[in-house]
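Reader: I would like a close look at a single part of this model. Please keep to what can be read from the coordinates.

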Amino acid sequence: MRRSRRPGIVLLCGVAGALALAAAKWSADQAAVALDEDYGTHTLVLLRHGESQWNLENRFTGWVDVDVSPKGAEEAANAGKLLSEANITVDQAFTSYQKRAIKTLNLALENMDQLWIPVEKSWRLNERMYGDLQGKNKAETQEQYGEEQVTQWRRSFDVPPPVISPENPYNPAKEAKYAGLSKKELPMTESLELTIKRVLPYWKGTIAPVLKSGKKVIIAAHGNSLRALVKYLDNVPEDKIIGLNIPT
């Protein structure tokens with residue numbers, strides 16, 4: 001367990017590597033969330049999904065709907081146990097459209113004995129969209145494009161990978177869950193900068209008002225969608241946020 005730069009924010013790390021970021025006593029003036037002082041303190045838990053099968057296989061996942069591995073399920077359960085042991089409860093949950101985050105949330109809530117709370121899903125909390133890299137092995141991609149180029153796509157703030165081709169079987173336009181998104185909304189590739197621009201409207205318009213109402217919130221999402229929130233909430237510089245590791 002350790003504290004972030006903001007007072008009241010605690011990192012709870014599970015023995016299997018699961019991570020929950022809990023703002024246990026989060027003053028309104030300590031969070032860049034436009035909450036009025038009248039609303040006092042707020043509780044926010046950020047939880048990255050447990051290890052996925054493609055994490056295990058070292059493949060670019062992005063918007064591909066890959067399941068958690070057995071280890072990932074254990075990590076999610078451990079995160080819930082840690083939160084329960086810390087006497088942290090929540091009133092409302094948010095997650096992405098992707099099963100690895102949804103299952104992680106359910107396993108965590110089960111171990112908190114809070115499966116009954118309302119859950120809202122949004123594509124805006126999905127992982128960063130990795131374009132035509134999705135589904136490819138990371139080591140093989142380095143051999144194809146060179147280590148420098150792949151590192152730039154992965155670690156730069158504003159350089160996205162190549163746009164996913166219409167023929168790519170992992171193109172999200174082929175999935176029913178995204179049928180309601182407009183062509184403008186549906187990303188064909190993203191940098192971290194573009195991911196932030198996708199996530200923040202949902203934070204400001206939907207999640208922040210719930211916190212402002214006094215409810216305690218848990219968000220189960222992905223490495224880059226959570227980086228987007230941490231950058232905003234903790235005002236992390238662009239050159240620092242790309243190096244922030246949020247483990248499964």
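In which sense do strand 5 and strand 7 pair, and over how many bridges?

Author: Strand 5 pairs with strand 7 (residues 217–221) in the parallel sense, over 4 bridges; two strands pair if DSSP finds at least two bridges between them. This is a predicted model, in which local features need pLDDT of at least 70 and side-chain atom pairs count only at pLDDT 80 or more, while totals for chains, interfaces and linings use all residues. Residues are numbered from 1 along each chain as its sequence is written, and side-chain values use heavy atoms, with hydrogens and water left out.

Helices (H or I, at least four residues) and strands (E, at least two) are DSSP runs, numbered from the N terminus. Strand 5 covers residues 92–95. Q92 of this strand has V217 in strand 7 as its bridge partner. Strand 5 also pairs with strand 6 (residues 119–121), again in the parallel sense, over 3 bridges. There, T95 has K121 in strand 6 as its bridge partner.

The side chains of strand 5 can be taken next. Q92 and F94 point one way from the strand, whereas A93 and T95 point the other way. All of these residues are buried, that is, under 20% relative accessible area, against over 50% for exposed and in between for partly exposed (1.4 Å probe, protein chains only).

In short, strand 5 has parallel pairings with strand 7 and with strand 6, and Q92, A93, F94 and T95 are buried.
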